[in-house]
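Here is a short briefing to read alongside your sequence and model. Have the viewer open and follow the strands as we go.

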Amino acid sequence: MASRSLDDLHPLLAQAYRRARDEYHQKYPQRPQPFVTCTYRSQEEQKALHAQGRLPLTEINQLRNAAGMTPIGASEGQKRVTNASPGQSAHNYRPALAFDVAFITTDQRVDWNPQLFALFAPLVLAVAGTEWGGAWTSFQDSPHFQLRDWRTYLNASRPRTREAIAATEEPLHEIENFNPERTEELAEAPPTALRSQQ
Ligand SMILES: [Zn+2]
């Protein structure tokens, strides 16, 4: 199962999400509120998602079954939901270097209104080094947020040369000196009807 826990998310992103969520709640208390639909996603799950729109339904559901996911129907099976094959998504690493959100109404319905993502995104992007999939042109992915240049963070525990640090766009000391706050409980949200993205 894919994780929705902020414990599985890179601390910088977890902090960016919490700040954005709290600010959003203050600014738009009457609107549907954000919740996390995915942080870490295994390579097996990524493989099954990547197969959507590319392989026959029976093969997709075999892959989903192997990844511990529930089967999908024919129409969903024809829909491409990601261009990322296993390992190419920022979700496929632990801690995850991406998270997805959706919104929930007061009567517990999941809301995918693009307007809500457009309101939420600037609050995340206020944290340096973050990137929004809704701004992509080739495969727009509004629920998706990630660390810009996330590949440079994959071997963060490995000692880096001065040159390697200078070569990255974002100052690494911000990440390395980051002090994660205590993890709160995730807001409860329905595990159903969660869209899959990159
Ligand atoms: Zn995503």
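Let's begin at one strand pair: Glu131 stands opposite Gln146 in β5. Strand β4 (residues 130–132) and β5 pair in the antiparallel sense over three bridges, where pairing means that DSSP finds at least two bridges between two strands. Helices (H or I, at least four residues) and strands (E, at least two) are DSSP runs, numbered from the N terminus.

Please keep in mind that this is a predicted model: local features need pLDDT of at least 70, side-chain atom pairs count only at pLDDT 80 or more, and totals for chains, interfaces and linings use all residues. Residues are numbered from 1 along each chain as its sequence is written.

**The overall picture**
- The protein has seven helices and five strands, and from the N terminus on they follow the order α-β-α-α-α-β-β-α-β-β-α-α.
- Of its 198 residues, 33% count as buried; a residue is buried if 20 or more other C-beta atoms lie within 10 Å of its own, exposed if 12 or fewer, and partly exposed in between, with C-beta atoms placed from the backbone.
- Among contacts in the protein with a separation of 6 or more, 69% link residues 24 or more positions apart; a contact means that the C-beta atoms of two residues, placed from the backbone, lie within 7 Å.

**The strands and their partners**
- β2 runs antiparallel to β5, joined by three bridges; here Asp100 has His144 as its bridge partner, and Phe99 stands opposite Phe145.
- β1 and β2 are also antiparallel, with five bridges between them, and Cys38 of that pair stands opposite Asp100 in β2.
- Two bridges join β2 to strand β3 (residues 110–111), again in antiparallel fashion, with Phe103 opposite Asp111.
- The hairpin of β2 and β3 has five residues between the strands, and Gln108 there takes a positive phi near 65°.
- Six of the seven residues of β2 are buried.
- Which way do the residues of β5 point? His144 and Gln146 point one way, while Phe145 and Leu147 point the other way, and all are buried.
- As a general rule, side chains in a regular strand alternate between the two faces of the sheet.

**The nonpolar cores**
- The largest nonpolar core has 30 residues, and those with the most contacts inside it are Leu13, Tyr17, Ala96, Phe99, Phe120 and Val124; such a core is a set of buried Ala, Val, Leu, Ile, Met, Phe, Trp, Tyr and Cys residues joined through C-beta atoms within 7 Å.
- Two or more residues of this core come from each of α1 (11–27), β1 (33–38), β2 (98–104), α5 (114–125) and β5 (144–147).
- The largest share, seven residues, is given by α1.
- Apart from this core lies another, of five residues, including Ala48, Leu49, Ala51 and Ile60.
- In soluble globular proteins, nonpolar side chains tend to be buried together.

- Ala90 is found in the loop between α4 (74–77) and β2.
- Is Ala90 buried or exposed? Ala90 is buried, because 25 other C-beta atoms lie within 10 Å.
- Beyond its neighbours within four places in sequence, Ala90 is in contact with Ala96, Leu97, Ala98, Gln146, Leu147 and Trp150.
- Ala90 and Arg151 are 61 residues apart in sequence, yet 7.8 Å apart in space, C-alpha to C-alpha.
- Not counting residues up to four places away in sequence, Ala96 touches Asp8, Leu9, His10, Thr39, Tyr40, Ala90 and His91.
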